[in-house]
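Please examine the sequence and the structure shown here.

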Amino acid sequence: MVRLLSFAMFFGLPGVPLFLVEVCATAFHQPSIRYIHVHQSQCRHPTMPFLCATKDEYIAANKNYLTRKLGLTKDQVQRLQTDGLPNILTLEEGVLEERVDWLKKRLKLRNNKQVRKIVQHQPHVLAKLSSTVAQKIDYLQTRLLLSDNSLRKMFLEAPHLLPCSTKNMEDTLNWLQKRLRLDDRQLAKLICRAPYTLGCSVSENLEPTLVWIKLRLNVLDDFSISRVVQKMPRILHLNIEANLEPKFDWLQHQFNLDDEALGKMVQRSPTFLGLSIDTWEVKLDWIERRLHLSDQELSEFIVRYPCLLNCNIESNLDLTLNFYIDALGNESEAAKLVTHNPSLLAYSLEKRLKPRLQESRDAGILIDAGCLRRIGQYTNDYWEIAISFVRDHEDLGIIALP
């Protein structure tokens with residue numbers, strides 16, 4: 001029916017009003033996609049000029065929509081026009097807005113800022129929006145058991161997944177699940193943390209990188225390498241020659257580690273590999289200076305708890321160390337406490353350390369190095385048991401946590 005109407009309009013046959021074509025197109029196709037497109041050069045009916053619009057008029061209308069309604073700048077819109085890929089600016093007036101509205105509803109995008117991110121990164125997807133995009137979104141949500149919120153976050157972090165082949169993503173998911181021995185929940189968690197993994201080639205990227213890491217770190221069992229990747233999925237995306245190899249060499253030289261010791265260090269906390277060597281050096285200098293450590297002591301300290309390299313100096317390490325100094329009233333004692341218990345620098349001040357210190361003081365507990373170590377290291381359940389025991393036996397005059 002639509003083809004007949006399109007044919008009639010194209011060749012200027014009388015008696016085919018525009019509203020009839022619009023109604024039929026909506027009835028036979030997805031309302032988010034218009035299939036009737038007539039340029040002025042194609043218009044054969046001189047009595048119906050309102051059916052024709054020039055390419056420049058389409059571009060002007062779409063620019064107006066992008067700038068005024070979505071909030072893109074003129075420079076951002078200009079880059080869309082010169083992208084070289086299918087151009088959203090030449091879409092028939094109203095089509096772009098319909099497609100954006102569909103994508104906004106399907107991904108439950110909350111504001112224009114989120115819409116702009118996808119439009120800027122993947123404009124050609126909107127230029128050639130088809131049913132495969134809807135199928136792809138449905139597949140990922142079903143395969144990974146994603147909530148609407150998780151689905152939205154995934155595409156906002158990795159909008160380049162929209163044009164990816166569903167078959168390729170399916171192959172990648174199956175490979176990850178089999179190669180890393182993941183259950184459905186673990187697979188979903190990995191992809192949500194690093195959704196761009198789905199855009200990587202298994203044969204050219206993921207498999208070679210995984211094999212290299214396993215050999216380089218002397219990790220013999222699949223379970224251990226799986227845990228490394230689950231802790232830091234992004235490790236599979238880091239370039240071997242430009243990133244991983246130089247960092248592994250630096251760590252071995254700096255801390256005098258053999259391959260096995262390096263492997264154990266990375267297995268403890270692989271996330272620090274996402275930072276630059278320059279960033280490591282700044283943090284190491286600060287730790288060495290503030291804790292008055294020798295080179296050997298610094299090496300032992302970091303190898304035991306490498307995740308400290310992820311902590312920010314100003315907002316974490318410095319404030320946390322000062323917390324122990326203030327609680328003990330002695331900088332030397334605080335440095336000694338932290339040196340023997342590196343994990344104490346990684347705990348949250350606001351959620352753990354400060355509330356527990358106040359509870360201890362309220363319960364009349366003596367605040368010494370042993371108390372501070374327990375304040376930091378006790379699990380939530382054990383902490384409640386310990387502090388409740390002291391409160392319940394206040395008449396006994398207990399001044400130390402069990």
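Predicted model: local features only at pLDDT ≥ 70, side-chain atom pairs only at ≥ 80, totals over all residues.

Residues are numbered from 1 along each chain as its sequence is written, and side-chain values use heavy atoms, with hydrogens and water left out.

**The chain as a whole**

- The secondary structure consists of 22 helices and 0 strands; helices (H or I, at least four residues) and strands (E, at least two) are DSSP runs, numbered from the N terminus.
- Of the 402 residues in the chain, 45% are buried. Buried means under 20% relative accessible area, exposed means over 50%, and partly exposed lies in between (1.4 Å probe, protein chains only).
- The chain exposes about 21100 Å², of which carbon and sulfur atoms supply 51%. Accessible areas come from the Shrake-Rupley method with a 1.4 Å probe, and for residues only the protein chains shown count as cover.
- Among contacts (heavy atoms within 4.5 Å) between residues at least 6 apart in sequence, 67% join residues at least 24 apart.

**The largest nonpolar core**

- In soluble globular proteins, nonpolar side chains tend to be buried together.
- A nonpolar core is a set of buried Ala, Val, Leu, Ile, Met, Phe, Trp, Tyr and Cys residues joined through side-chain atoms within 4.5 Å.
- The largest such core has 118 residues, and Leu66, Ile88, Val119 and Leu372 touch the most other members. Helix α18 (residues 313–328) contributes the largest share of this core, with 8 residues.
- Residues up to four places away in sequence aside, Leu66 touches Gly71, Leu72, Val77, Leu80, Ile88, Leu89, Leu96 and Val119.

- Which residues of helix α19 (residues 331–340) are buried? They are Ala334, Ala335, Leu337 and Val338. These residues lie on the same side of α19 because they cover an arc of only 160° around the axis; the arc is that of the directions from the helix axis to the C-beta atoms.
- Ser332, Lys336 and His340 are exposed on the other side of α19.
- The cover over the buried residues of α19 includes α16 (277–290), α17 (295–304), α18 and α21 (369–377).
- At the start of α19, a side-chain oxygen of Asn330 comes within 2.9 Å of the backbone nitrogen of Ser332.

**Aromatic pairs**

- Rings of Phe, Tyr and Trp (its six-membered ring) pair if their centres lie within 6.5 Å; planes under 30 degrees apart count as stacked, over 60 as edge-to-face and the rest as tilted.
- By this rule there are 6 aromatic pairs. In one of them, the rings of Phe272 and Trp280 have centres 5.4 Å apart and planes at 55°, so the pair is tilted.
- The rings of Tyr378 and Tyr382 have centres 4.7 Å apart and planes at 80°, so this pair is edge-to-face.
- Phe272 is buried at 0% relative accessibility, and Trp280 is buried with a relative accessible area of 0%.
- Tyr378 is buried at 14%, whereas Tyr382 is partly exposed at 41%.
- Ring pairs link Trp250, Phe255, Phe272 and Trp280 into a cluster.

**Gln141 in helix α8**

- Gln141 lies in helix α8 (residues 131–143) and is buried, with a relative accessible area of 15%.
- The side chains of Gln141 and Arg106 are joined by a polar contact of 3.0 Å. A polar contact is a pair of N or O atoms within 3.5 Å; within protein, one must be able to donate a hydrogen and the other to accept it, and residues adjacent in sequence count only if both atoms are side-chain atoms.

**Residues in loops**

- Leu145 is in the loop between α8 and α9 (148–157). The phi of Leu145 is positive, near 55°, in a residue other than glycine, and Leu145 is exposed at 66%.
- His292, in the loop between α16 and α17, has a positive phi of about 55° although it is not a glycine. His292 is exposed at 57% relative accessibility.
- Asn310 is in the loop between α17 and α18 and is partly exposed at 32%.
- Asn310 and Thr271 are 39 residues apart in sequence and 7.4 Å apart in space, C-alpha to C-alpha.
- A polar atom of the side chain of Asn310 lies 3.3 Å from the backbone nitrogen of Phe272.
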